[in-house]
Every structure is written in structure tokens, then in C-alpha cells.
Amino acid sequence: MSDPLEVYRRKRDFTRTPEPAGGETPDAGAARFVVQRHRASRLHYDLRFEVDGVLVSWAVPKGPTLDPSARRLAMHVEDHPIEYLLFEGVIPSGEYGGGDVIVWDTGTWEPVKTDDPRAAVKAGELHAEVHGEKLRGRFVLVRRESDDGSDAWMLLHKHDPHAVDGWDAEDHPRSVLSGRTNDEVAADPHRLWRSEAPAAEASVSLLPDPLPDEAIDALRGLGKQGTWEVFGRSLKVTTSTRSCSPVTRR
């Protein structure tokens, strides 16, 4: 069986992007879904359903809606790893999909009218009952006829008790994980939100820990050269090294 994440991995340099490379074993519970608000070259919403151990994904330029009278273009894209359910952060400029990402909605879902959602996607029509914090009710994805080879679909919400006329995703801009907006994530790109941690510990810095004051004071106390002990390591410091100001207080 071919690797369903081969295209995803080929497009990304994981030495630069904080996106997950994949490898997590899916939970045995209910299938999950996520919607990410993603400001890349253009704003769009990434709709992802857990199917067969990966996230089957569509990019929705105007975002999903609970309005049953609205039709949304949805472009079918490569499968993403399960870990993307929790991905919130900044993809570096120059990388594929560079821009800021928030977890706009998440929850569980189940396929309707089929026991094989992967086959339903292949056939070009997926009915999904979703149970999210923002999105609820019956959604339908239908592949459109295309002459240019693009995998364009149409996303709509059925007339059901969860339908809301005029409902617009842009009226609900905050992450359901961290409560942050895309602007707030972009302003603090060196932090990651880990939803499995308690709220007080969920925001994690990606920067290295600052050096302790005593280590910096020891460096300043050296002459033109010497050996500097820090974090159990001996570093040889010369005049040229010190002139580079290798450490600063933060």
C-alpha cells in the first residue's frame, strides 16, 4: 500500500517548518475533524476529516458555513497527518503554505450514507455529520466537473436544526484551542499551543532557555581568554569570541 502522506512530506522541509511529519497512531475512539484558519498567500480555511489514520483535507477559500443557502468552493488537497489536529503556529515564509495557522474548530464526525468514507471521497460525494464547537449538523462535499484537472468540490450545509441563515466563519475568528486570533499567533511565532497540557502550561516557547545570570556574569569576569563553565560544559573563550557577544540577557 502506498504511503498516503508521501505527497504531504515531499512538499515540506521539516528542518524548517514546525508542522508534524506524521507517525502518530490514531485513537480508537470516534473519528475527529479539524478546521484551521490559515493565512498563507491567501486566507482560506482547511477542512480535515480523520479517515483511515490520516486527515483527508480540503481548502475552503471562504470558510465553511451553517447557512444552507450558501455554496462554498472546496479544493481537495493532499492528506495530512493525524497530528495536524492540534497544529497551531506559523509556517515560515518560503515554505509550502507559509503563514499563520489557528485551530478554528475541532470535534468529532461520522460519515452518513456510507461505511467507507475513503470510497465515498473517491466516488466524489461525502456526507458528514459533524459535532464541533462552532460547526454542527450535516455537511455535504460534492466533486465538481472540471476541465483544468483541478480537484474542485462544493461544500454545503443541509437544512437541519443546526442550520443558521447568514452564518459567516469570519464572524468567529478565534482559536478553539488557545483563544488566539491569527494576528496574535503571527505576533508571537515562537510559541506553540499544546492542547493536551493544562491551560496554564499549554503555551510553550520554541526558543532556547535563556542562560542563567551567573553564567553570563562568569563570562564577563573572564579576561581576554579563558574557559567558561555553563550547563556542565567547558567552553574556551577568546578575545574574538567575546567580541561577538555570543550571549545576552533575556
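W104 is buried (under 20% relative accessible area, with exposed meaning over 50% and partly exposed in between; 1.4 Å probe, protein chains only), its relative accessible area being 0%. The model is predicted, so that local features need pLDDT of at least 70 and side-chain atom pairs count only at pLDDT 80 or more, while totals for chains, interfaces and linings use all residues. Residues are numbered from 1 along each chain as its sequence is written, and side-chain values use heavy atoms, with hydrogens and water left out.

Nine aromatic pairs are present in the structure; rings of Phe, Tyr and Trp (its six-membered ring) pair if their centres lie within 6.5 Å, with planes under 30 degrees apart counted as stacked, over 60 as edge-to-face and the rest as tilted. The pair of Y45 and W104 is edge-to-face, because the ring centres lie 5.3 Å apart and the planes stand at 85°. Y45 belongs to strand β2 and W104 to strand β6, so this pair ties together parts 59 residues apart in sequence; strands (E, at least two residues) and helices (H or I, at least four) are DSSP runs numbered from the N terminus. Y45 also counts as buried, at 1% relative accessibility. A tilted pair is formed by F49 and W109, with 4.7 Å centre to centre and 50° between the planes. This pair likewise links distant parts of the chain, F49 in strand β2 and W109 in strand β6 being 60 residues apart. F49 is buried at 2% relative accessibility, and W109 is buried at 3%. F33, F49, W58, W109 and W153 form one aromatic cluster.

The largest pocket (an open set of points with protein on both sides within 12 Å along at least five of seven lines) is lined by 19 residues, of which H38, A40, H44, Y96 and G97 lie nearest its centre. Strand β2 supplies the largest share of this lining, four residues.

Conventions
On a 1 Å grid over the protein atoms alone, a cavity is a set of points where a 1.4 Å probe fits but cannot get out, and a pocket is an open set with protein on both sides within 12 Å along at least five of seven lines; lining residues have an atom within 4 Å of a point.
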